[in-house]
Amino acid sequence: MSINRTAKGIVLVPCLLLGSAFLAAAVWGDEAAAANQRLALVLGGVLMGGGLLAQLLPEGQADGPSGD
């Protein structure tokens with residue numbers, strides 16, 4: 001099932017990139033952006049968690065040819 005593996009990669013890469021960008025913004029933000037720091041941390045964590053969760057989901061069983 002190559003299509004499922006490709007779909008997982010398509011989900012993983014943007015989630016990790018966006019999640020790390022939000023986490024970096026939260027860590028290196030200045031004092032003026034302190035109000036949005038918690039939001040950036042939550043969004044970054046959810047995106048990275050979602051991307052990693054997509055990798056852990058099992059692939060469906062391949063339907064073999066029915067010989068009956």
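Residues are numbered from 1 along each chain as its sequence is written. In this predicted model, local features need pLDDT of at least 70, side-chain atom pairs count only at pLDDT 80 or more, totals use all residues, and side-chain values use heavy atoms, without hydrogens or water.

**Exercise 1.** State how many helices and strands the protein has, and what share of its residues is buried.

*Solution.* Start with the secondary structure: 2 helices and 0 strands. Helices (H or I, at least four residues) and strands (E, at least two) are DSSP runs, numbered from the N terminus. Then turn to burial. Of the 68 residues, 13% are buried. Buried means under 20% relative accessible area, exposed over 50%, partly exposed in between (1.4 Å probe, protein chains only).

**Exercise 2.** Compare the span of H2 with the expected one.

*Solution.* Count the residues of H2: 20. The expected span is 1.5 Å times one less than the number of residues.

**Exercise 3.** Find which residues of H2 are buried and how they are placed around the axis.

*Solution.* List the buried residues of H2: Ala40, Gly44, Gly51 and Ala54. They cover an arc of only 100° around the axis, so they sit on the same side of H2. The arc is that of the directions from the helix axis to the C-beta atoms. Now check the other side of H2: Arg38, Leu39, Val46 and Leu56 are exposed there.
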